[in-house]
Amino acid sequence: MLSFLLPQRVKLLGLLIAAGVVAAVAALGWQVAELGAQRYAIGGWGAPLGIDLYADGLSLLMLMVNAVVCLGVSVYSTGYFNRAYFRRSRAIYFWPLWMFLWAALNALFLSSDIFNLYVTLELLGLSAVALVALAGGADALTSAMRYLLINLLGSLFYLLGVALLYHRFGSLDITILSQHIEPSPAVWVAMGLMTSGLLLKTALFPMHFWLPAAHASAPAPVSALLSALVVKASFYIFLRLWLEIFPVDSSVFGELLGVLGAIAIFWGGVQALRQTRLKMLIAYSTVAQLGYLFLAFPMASYFAWKGALFILLSHALAKTAMFMAAGNILHFGGHDRIQDFDHVVQYQPLTSAAFALAGISIMGLPPSGGFIGKWLLLEAAINSGQWWLVIIIIMGGLLAAAYIFKVIGYAFTQSRKSHQTRRVPIRMEWTALILAIAAILLGLIAPWPLAIMDIGLPFSGEAAG
Amino acid sequence: MNTLYLYTIVGVGLFTLGLYALLIHSDLLRKILAINIMGSGVFLILVALAARTQGAVPDPVPHAMVITGIVVAVSATALALALVIRVRTKVGHANLPEQSLE
Amino acid sequence: MLLSEFFTVILLLAGAFFFLAGTVGLLRFPDVYTRLHALTKADNVGLGLMVLGLALQAESWAMTGKLILIWLCVLLSSASVAHLIANAARKKGIEPWKQ
Amino acid sequence: MSLNALLPLLMVLSSLLVGLIIFFLPEERAGIRIALNLAAAVLKLILVGVMSWGVFFYGLEYEFRMPLLHSQELILHADALSILFVTLSTILWLVTTVYAIGYLEDSPHRSRFFGFFSLCVMATVGVAMAGNMITFLLFYELLTLTTYPLIVHRGTEEARRAGRTYLIYTMTGGVLILTGTVWLHAIAGSLDFSYGGFVSDLVDEHRTALIAIFVLLIAGLGVKAALVPFHGWLPQAMIAPAPVSALLHAVAVVKAGAFGIVRVVDDVYGVEVAANLGVTGPLAVLAGVTIIYGSIRALFQDDLKRRLAFSTISQVSYIVLGIAIAGPLATIGGLVHLVHQGVMKITLFFCAGNLAETLGIHKISEMNGVGRRMPWTMTAFTIGAFGMIGVPPLAGFVSKWYLGLGALEVGQEWVIYVLAGSSLLNAAYFLPILYAAWFKLPTDSWPDERAFGSGETAWTLLLPAVITAFLTLAVGLLASMPFSPLHWARFITTLEYLP
Amino acid sequence: MEAMTSLPLMTLMQLLFDTLLGFALLWLGWRALASPDLFQAIVLFIAFGLLMAIVWVRLDAPDVALAEAAIGAGLTGALLLTTLARLEAKNRSKSALEKKHKVWLMTENVKLKTASFLWLMVILMLLVSGLVYAVLTLQEQTFELQMLVSKNLESSGVSNPVTAVLLNFRGYDTLLEMSVLLLALLGVWSFGGIPKPHESLPGPVLNMLSRLLIPLLIIVAGYFLWVGSDAPGGAFQGGSVLGAAGVLLLLVGWRLCIRFVGLPLRIILVFGLGVFVSAAVVLIFLGRQFMEYPPSVAGALILLIEAAATLSIGITLAALFLVGRPEFRRHK
């Protein structure tokens, strides 16, 4: 799964590798589906001594969505980085960096070793930063810088937590840790450290400040990746740790996360509504959508986890499509000011459709993937009698509708202004559209991913609840 | 009080010091210094605790982890420094703009 | 106490003295050139004495060789670095200190 | 999968596919577009015919199931009630398609328009055939989304504002329904529609919750059905092109809301349970208020389409009223009005569209003597208007008759006064129009006249209006024939009340 | 000899030394962050790194000490200094004005309100106390990984446990870590357009020095590499020494000949990682797990991988120092 390459003729190579990785994931998927959760000991040493790779339903799903999104981004990028005005000297670096990022994601979703996770996190963070900076403008550089610092800070917090855990329990393997774990001050402190480090990277509400700038100023395929996958990676680690390592009796903490998530939904939604530039709007929408993921924590029930995960999956697809659409519009009209969209949108029906369809999923309207996730969350909230969560989820959906239709509304207005326009490669439009459709279809094939989530029983602890 | 705990606490101190400086400085070069010092603090804690097993050689695993960590840190620093230079040339100063919390 | 140990202690103490002197010089001397002067000269001698003292305790010739190698390396580098610094200072236009 | 299961799916997919294909057709390929549209409409008509045959004579239930969530499935099925609604929408869609082809000739973005038009019908059919709440919700929201582009089709600032208002209302309604549905699922564990409802076992345990859910659902549905506090979007949406207005009022949106209320009262709660919970009374009162309020507001509109819009608000509540009275005869009245109101109102809107398109007439004050310029159109209009007022033997009379009887049957005399009052008001706002059109002298020139050769207007515009006017006559005159809407409504009611 | 009698004294001395070292470390760290002059701060940071190296020795971690001295202090310091040089070169005029204030709490360019400052303090205090408490109450490990390491040391092919962990037991980490290094270089290159620092011609002395030192450094690198399997040392230490040699070369003004800048350089850069991965993958085809070295040849394999890694690491580090794509400047 490790792919790295340097020479210039990368485009074809990149696509080949992309296809290869997808095939590998598919093979792994088949294996996991047939045989249950898989464990692979690198170097043949086995868990305590060596590093294990571990794939259960959770990681498999992440890998799959990863593969789909990445394939999409690869195809999209062949168009995006091909433009006349994108400096070739920069563009050639996109591919190797991108491959590193992808490799890091795959490695991250497969690892079951907390120190190994640290290394993958760094790999992920550095490649993401380099990709953001690829845009080259003053905005991009500044936000890349901030993003880098945030990343390093988060990693160090995480590493300190790892250090404490290791010295308490003498192992780095998640499974072994989960067997030995017992509450003690050191564990609590470690938990606090790792949580804050990871949440910083996941951009949960008070720590989201770095996200919009970084996501909005990056090149379009990079923004797509960051929003769709990179923030999810740290969330994935957090979820893993929460489910397997951290002491279960942490309901107060869960409540806190839920409240933060709720604030994130509101804040992100309101801010998104206030933005005048499309990419900023989408970036704030990410902040809001990330909030949903944390609503599952106060409920901590089987359905809640599944709902949050489902939102994660569909958001990954939908947000990728959205950023791609934004990239197309930006390329087409040369700007992404929402106010002046009239013509731009009308001449790009495919892109507009992609945006609209992705929007449906973000709003959580049926039959999209987002709807299923929201439904599960709602049901979990009602079952546990937490009405404030119900209200949050509902209001969040309305806010999302408001900011998405703010954009779509302009798709139908006529404009007499003429724009300087440029042709957008057709595959860029199609990739966006297909990913958006995938986000919708995710809702129609919901039972399938839901069943995958059960492999290896990552949520078995809560299955009773 | 064992000397090892002494070093551990020094490690905690360095970590906090770095964090403080990271938050309070706006100069990018200093922020990078601060991150490095934070990292040293973490490494110190890792290794100091590794040596607390009495008698025999200390646990080699944290040592390996720290070596990995140092290499990662220098990579990150190199990247950060190059970025600082870029920011300077593009933006004109090597500070992060005051970020409003929104 | 063996004779070699006695000499070692003497040599180490002497080395430490030179280091101290060099450091005092670094702190007290008025300008960059004189400071360099104090630092390199005194410290090189100090280090040489210490290396000598430790060499007496060495278990093998290889160890002695390494110790001497260290000294030589330091000699070489400190001389060059002192030269570089002084050169840089001169280029920057720092006048040597005069009474 | 058996053929029977495929039929409902085919109903939905036919328009979906057509819609998607149309999106990708170039603007100039009008021929193919028209052919596709008509073909899909005819195909649907045939499917409906087959299914109603099966339902009525063999008691078949056509059903298509697909797993959607844990324990929840996507269900499309055809029972008597859905057949009623589907038939209505299919026939009227065919007619509206013809009308829209004429109406939008040479205007831009036709591919987009007809694409969404098809999708809209897809959603309506889906709403009609939904076999459980979740499927219903799915298509209901889809309907919102597909009508939005139709409303803002003109692309003016005003259209965009209307679209926004529409969205704010319907989205809010949608989430209310969503909440209610999820809650219901949490309590009942099932959401499948069945005659007589499925919550009767839960009344003792979850009484308050059930009432709350009822309120949520009705409020959500009430938005589309334009019940009084939630009606604000409808008059604004008049900005849309005439075929869209026709569709909104007669076939799709408003009807979907009303139909949803029918579903909730009859097939989720069951009439008896609902009455037992004490929720039907307030609903009936609400409907009564809406009827009167809508009529009064209509009286003061000079814009023809706005007057019609308020009339719709009033008329649709007849359906709700019929259901909420909770007696067999009233139910028949409500159900049959679902169809009748559709046929009558679409006629009126076609006519209004014709006037606007041919002569540029938008206001009632401009209509003096228009009957002589466009006799056919105005004849159709007159039939529709008389139907609305409830003049026997037209369609409206049948509905009102049954509503009145039903109210008496369960001893709610106040409904009679509502009916009578509203009929008077209907007469008050329709008769002046007719008087002006037929008996006043025409002015010198029309606001914006266009020539359409020999006829009074284009045949694609005229024909649909004439057909629906004819239908208005027919369903009233032939109400006692088999397969008439009335007959079918009775059939449904038997099923509801004798499970 | 007289160990028995002087034991308490020795312990006391050690404690004293450790305490001094600890405080010196803290002090240096603080000064490095607080000192008003950036140049001074960086020099202090380098000193801090060297002190860290001594601490590592005190903690029986010679491998780490070597890595820290070479990479942590040496290379990072060099990187920081050249960056500073580049930054200053840009606007020398402004810098004179900037840093003249004596500061104690390092608040020079910051407009922190008192309230938020207090909050920050409170949070940091909480953090410190939490950490200290956690560390002090840390129980013994429940699981002795260390035992496992020493038990399996024989089959790992090397006798230095740290190397064993780095390259065999947890070789995957190292693999990824090398990717990080390569990635950093890639990232730096991708920024492109880095301004050239003001370069002065190296004097004859420096030239002479480099001529003497570079062969020595290369030998030392080789030595580290060789000795790494059973004594402190190894690929990273060797690589960083090699890197230092490269840095020195670059300082002297030596540049790669144009024909090496393109593909050959890149090949060397990926060489280490390439060997690592291919060794690991080849093993799969031999019917073993990914990275499962057969004990009989493990030593040789590790040495091979390390050799390749050393070369790549060295060149990568040197390239990082250069900042920006290397290009043909001056042929020497």
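**Exercise 1. Find what share of the contacts in chain E between residues at least 6 apart in sequence joins residues at least 24 apart.**

Step 1. Apply the contact rule: two residues are in contact if their C-beta atoms, placed from the backbone, lie within 7 Å.
Step 2. Keep the contacts in chain E between residues at least 6 apart in sequence; 75% of them join residues at least 24 apart.

The model is predicted, with local features needing pLDDT of at least 70 and side-chain atom pairs counting only at pLDDT 80 or more, while totals for chains, interfaces and linings use all residues. Residues are numbered from 1 along each chain as its sequence is written, and chains are lettered from A and ligands numbered from 1 in the order in which they are written.

**Exercise 2. Describe the secondary structure and burial of chain E.**

Step 1. Helices (H or I, at least four residues) and strands (E, at least two) are DSSP runs, numbered from the N terminus.
Step 2. Chain E has 13 helices and zero strands.
Step 3. A residue is buried if 20 or more other C-beta atoms lie within 10 Å of its own, exposed if 12 or fewer, and partly exposed in between, with C-beta atoms placed from the backbone.
Step 4. Of the 332 residues in chain E, 43% are buried.
Step 5. Helix 7 (residues 161-169) of chain E is mostly covered, with nine of its nine residues buried; among them are P161(E), N168(E) and F169(E).

**Exercise 3. Describe how the two domains of chain E meet.**

Step 1. Domain bounds come from an automatic or database domain assignment; chain E is divided into domain 1 (7-130) and domain 2 (160-332).
Step 2. The contact takes 15 residues from domain 1 and 18 residues from domain 2 of chain E.
Step 3. Ala, Val, Leu, Ile, Met, Phe, Trp, Tyr, Cys and Pro count as nonpolar, Asp, Glu, Lys and Arg as charged, and the others, Gly among them, as polar.
Step 4. The side of domain 1 that touches domain 2 of chain E has 10 nonpolar, two polar and three charged residues.

**Exercise 4. Work out which helices of chain B supply the side that touches chain E.**

Step 1. In this interface, 60 residues of chain B are in contact with 70 residues of chain E.
Step 2. Helix 1 (3-24), helix 2 (28-50) and helix 3 (60-91) of chain B each supply at least two residues of that side.
Step 3. Helix 3 of chain B gives the most, with 24 residues.
Step 4. By class, the side of chain B that touches chain E has 41 nonpolar, 14 polar and five charged residues.
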